2 protein chains.
Amino acid sequence: MATLQDIVYSAVTYLLSATAFLLAFAILRLQPINDRVYFPKWYLKGIRASPTHSRATISKFINMDFKTYIRFLNWMPAALRMPEPELIDHAGLDSVVYIRIYLMGLKVFVPITLLAFAVLVPVNWTGGALEQIKDLTFSDIDKMSISNIPPGSKRFWAHVAMSYVFTFWTFYIMYKEYKTAASMRLQFLASESRSPDQFTVLVRNVPPDPDESVTEHVEHFFCVNHPDHYLNHQVVYNANKLAKLVAKKKSLENWLTYHTNKYERNPSSRPTTKTGFWGLWGTRVDAIDYYTAEIGRLSEEEDKERERVISDPNAIVPAAFVSFKSRWGAAVCAQTQQTSNPTIWLTERAPEPRDVYWDNLAIPYVELTIRRLIMAVVLFFLIFFFMIPITIVQSFASIEGIEKVLPFLKPLIETGSVKSLIQGILPGIALKIFLIVLPTILMIMSKIEGFTSLSSLDRRSASKYHLFLLVSVFIGSIATGVALGQLKTLLNQSPTEILKTFGVSIPLKATFFITYIMVDGWAAIAAEILRLVPLIVFHLKNIFLVKTEQDRDQAMDPGCVDFATSEPRIQFYFLLGLVYAAEAPLLLPFIIVFFAFSYVVFRHQIINVYNQKYESGAAFWPDVHRRLIIGLLISQLFLLGLISTKDAEELTPLLIALPVLTIWFHKFCNGRFESAFVKFPLQDAMVRDTLERVTDPKLNLKLYLQDAYLHPVFRGGELERPQIINEEEGNPLVATRRNPEKSSKHSYDVAGS
Amino acid sequence: MATLQDIVYSAVTYLLSATAFLLAFAILRLQPINDRVYFPKWYLKGIRASPTHSRATISKFINMDFKTYIRFLNWMPAALRMPEPELIDHAGLDSVVYIRIYLMGLKVFVPITLLAFAVLVPVNWTGGALEQIKDLTFSDIDKMSISNIPPGSKRFWAHVAMSYVFTFWTFYIMYKEYKTAASMRLQFLASESRSPDQFTVLVRNVPPDPDESVTEHVEHFFCVNHPDHYLNHQVVYNANKLAKLVAKKKSLENWLTYHTNKYERNPSSRPTTKTGFWGLWGTRVDAIDYYTAEIGRLSEEEDKERERVISDPNAIVPAAFVSFKSRWGAAVCAQTQQTSNPTIWLTERAPEPRDVYWDNLAIPYVELTIRRLIMAVVLFFLIFFFMIPITIVQSFASIEGIEKVLPFLKPLIETGSVKSLIQGILPGIALKIFLIVLPTILMIMSKIEGFTSLSSLDRRSASKYHLFLLVSVFIGSIATGVALGQLKTLLNQSPTEILKTFGVSIPLKATFFITYIMVDGWAAIAAEILRLVPLIVFHLKNIFLVKTEQDRDQAMDPGCVDFATSEPRIQFYFLLGLVYAAEAPLLLPFIIVFFAFSYVVFRHQIINVYNQKYESGAAFWPDVHRRLIIGLLISQLFLLGLISTKDAEELTPLLIALPVLTIWFHKFCNGRFESAFVKFPLQDAMVRDTLERVTDPKLNLKLYLQDAYLHPVFRGGELERPQIINEEEGNPLVATRRNPEKSSKHSYDVAGS
């Protein structure tokens, strides 16, 4: 059993290794050669230019200014310096509200920790139950936890009272944060410059009409039913095949560049390649000629397909982006039901053009419900039975199995040290691989479910991942046995029995979860800031593919906040904090370190690195709130289970009131704020319409919206923003872009150095 | 243990007594003196006139035409004869769709019964498990049930297969009925003549404004945000005190009439009364003078209050009925969110004027959520702990208790036969009283929850009552012990254990529930058609209060379909039928008799008796559907529990799929049809607006809507329908009213005789 000292030692170790990571980061980021890895956001914004042109040859790649190394932690205060409004401007609302989750963690847990250490730790420490049991070895950690209170003691009143205080404090912070998020979103939507999605509604399930094409049918329907507001519409082409061709051509072009570069560096031998799969099989041909020919062929095919899609009426899916003359008209259409059959003419506010997930726009209603049913069943099996295939794989993945498949490795494997290494790693590998690909699996499942925007796909995947973490990791760690065992337990034990079992094992698992926080939480954050994978990929690309400055821009992989996996992980730490607050407060400081460290790191990343794929206006907050409520409920129920085993029956009615209050609080908050995230109030639309009519009476909206919702493959692969936006951005009220040459040094300061 | 013969005997007995009821009904309804009790609907429609004027003195009261007695069951085919469209016209959509629930019962259970008797009864009968157990007495009922199948038998496949067939058949009927109800509702709404609620939106939680009164604020807000559609609005007065005064005056007027009548019949002595509570205490005064003076005083007070309400700005509540120029405008406003704060300016489609529950229009958002929380807690305690106060009352209500409180009754009570009678009745009385007042309690709770229309109050109360019947009556009858005991069981047993316990006791309780169906179901329907209470009340009123023909009209109490209590009861029989279909099919014929008998009786009642209080357009159907789904789920889970105790593990996975499918089916149906009951499609509104613009271009809508939503007390107690409606009704496209004198005989035929 780990003692307090053990914990402190390993905490110090982890903190030191985290510091080493930070040091590595500080050194790497100062090298000009890595500049595009650690500051891609500024390049994409056009504020930072390549430093490689203006300096001496060596200092192109390595920073020789040793003074900058001394201030290696300077990026932290720099990351915190940018004020929130500027940050929203710079990185978008999604990112800013996302890092507020970490801030909320601090707001919730710092006071709770202080209170818990001031009240509960002394109460537990002097409980004396553990000392009375003879021959029991126990550590100071246990002495600090609720385990040290003898059954039937009046001291449990302190825990119940504190659990009320914690709950109400969490309510208070959650209410405030929900309110802030809602008002930030509303303000953001109101101050946002004109964008096509404000005027546009996505219409799905356009019913087939024997006499009219989809586009005529849409036009007639909206002309009749929204006569004063309908402007025009854009049909959706089924361009999935075309998109595949474009992607394939892109990859071939990369190979061509690679071989051309190779040839330029070594003109003596022309590079060759094989025509088969991944260049591994087939006849050997001249690489440059081969790829040029292939690209030519694909270009032709692409042109043909492009023509077919545009001219073939069957390539038009029964969905359309319908635009209105005013934001009011669009808000009305998005919120109302069009016909008496609720499965056709489905309207919803259009996502941003870059947020649209084009493949899913044409799924009929019945198919959609069946897909969701199947995915729900699959998710259930994934959560409760995921250990079965992994165990099967593990049973094959033994030393003998490897020797059978790859007999030539036998002499190497049989070496003593290698053998023990493989034996140590193998069993875990299948599980690790599963955990790494899990988010991808969940995302594919969400795509099958038929959501139409990237943001909703992210939110949906996050829900699934949260459920997985909750059941498989949290419950799985507390109860013994695998997830399948939990299912059996849940079915075969009475609810009170389950709560008691879990409640009792919570304090015993404190050390495990403290280690988990350090290994998984702290280490993940340190890895996040170091960006090892993008660093390596960038340099590989730089060596093999980059020819022009533009290529180098494309070689950058800024990444973005991966909401679908990060948010459920944060929720996991919230859950741990809430569960342990009343039972073993020692865990809380570790949570606080996690939140504080994460906050600084992610603030730095969204300022300097991430480039968001879409802007949903913090539409995810209701999900965050709901999952926090789930965490609160679990913590309350587990405390109830624990206390009811301790001969303190008079306290259980008090504790039952907490979950009831929590559910009510959830309903109250949702009623109060949720609609800000799902609806579009008419008053706000009217205000903006009126303003616009005054400030820009000559606006040609039809022209502005004409091509806003064209499939990206028709734009030559890149999303161009409409002309008018660019004009406006060139002359904004508040300067958000700076002159690249002039302000390069200044922006560097903002980014920290 | 009851044998099959016992059941048949008691079924025959109950059928005979039901026939006796019907005979009594047939005789009573033919007496002209009871005409207003059994045919009030026709009087209210103005089609039937008092028969007392046109006949000889005796035949005024008693029907001497003996020929009519012979055809005493003729009302049944007569009740079935009126075609559905005419019935909708005559009784409204609510009533017609309500009786379709009974019809659906027949559609679901007749084929299920035939199949069950063709397949399951032979399979069970030859199972032979009971005969193998020595010394076991068992009846034919048990031999027909699943109890007769030995554990581990392959015969359970038949039950599982049948349970699939039953489920899918029920799905099919439910889907069809949901579809029919939705299309009936849409057709009804589309063909409905012009009514104020089509143009009106109820706006609640108007925020206070320091500079403007409520009416100005409402006008400005809607002028700005719905500039093209806003027409006018009607503020809501807090006239609750005034309504009380009006009601009090009405009651005093009744007393005055009573005493005047008394004096007229016996002019020798002027009637006197006492001034105190209910005329039991206080000084004795001349009754006619006293009541005349009191009424005069109240009239004055009423006038003063009426003036105060109209002139005092504080008497205006922050709610309003806002009317629009078109149905399209109203539909848009009702479905959209007005401002970024979702707790103010709440809009919903206005209920019919007569459907408005005026007292609840002014409850602020926070108070509303707190009220709902409290009522949820109260409902929980009501369901699980209702036996506690009843047991306390029962312990007081002993013979000794009565003797202590009312000692003068002692000699009477101590008489042997009286004593045993009291001892037999007393314990049950408290429970009976509770069950009688329960619907009222639930209705009061729903009112506290703050719903704004009578129809939603009814729906809400029905949900509560359904929950009560499910937990207290159904679960309470299956498990031993009181409801509180069930709660303990639910908490302390594992879910599988609970399912097994319930599943196993289901077949054992078949006889009990068969008796229950006969006592509660059959008898209640027979009592429903006899209308004993209204019969007695009418004759009492007729003797003491009636002077003019108009008084006699008011003395009629036609009643209406009591959705809040009847619908949950129907659901209870559905539940029984579904649960027993696979386990003990013998119960099914009793259910079928119930549904068939109810269908005929209620069809007769809505044709001849009931006068609906409101018309919600069958808005209750989604609730009916949801509760049927709950019944299906329970039946599937109980069968799963039973089968899993019978060594047939290979069947349980098959049975687990059923609840999953059921939940999916529920979601599918709701997605497909629910919005027809809660939303108002723009296309339909547009079609009607366009039609109206053509057919009635000169309509003065403002005038039409002016006083539509005035509190009823401002109309002299009676709801007058707007002028235009009456004009239209006087000259309808299809004749729905007939000339009273001419068609009296004819309508009597329709009503059956």
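Begin by selecting residues 652-678 of chain A, helix α31: at 1.5 Å a residue, its 27 residues should span 39 Å, and its end C-alpha atoms are 38 Å apart, which agrees. The expected span is 1.5 Å times one less than the number of residues; helices are DSSP runs (H or I, at least four residues), numbered from the N terminus.

This is a predicted model, in which local features need pLDDT of at least 70 and side-chain atom pairs count only at pLDDT 80 or more, while totals for chains, interfaces and linings use all residues. Residues are numbered from 1 along each chain as its sequence is written, and chains are lettered from A in the order in which they are written.

Next, centre on Gly671(A), where α31(A) bends by about 45 degrees (the angle between axes fitted to the seven residues ending there and the seven starting there).

Contact here requires C-beta atoms, placed from the backbone, within 7 Å.

Keep α11(A) and α31(A) in view. Their axes come within 10 Å and cross at roughly 5 degrees (lines fitted to C-alpha atoms over the stretch in contact, with angles from 0 to 180 degrees between N-to-C directions). In this contact, Phe171(A) and Tyr175(A) are among the α11(A) residues, and Phe665(A) and Phe673(A) are among those of α31(A).

Finally, display both chains: the contact takes 37 residues from chain B and 37 residues from chain A. On the side of chain B that touches chain A, α31(B) gives the most, with 8 residues.

Note on methods:
Contact = placed C-beta atoms within 7 Å. Helix = DSSP H or I, 4+ residues; strand = E, 2+ residues; numbered from the N terminus.
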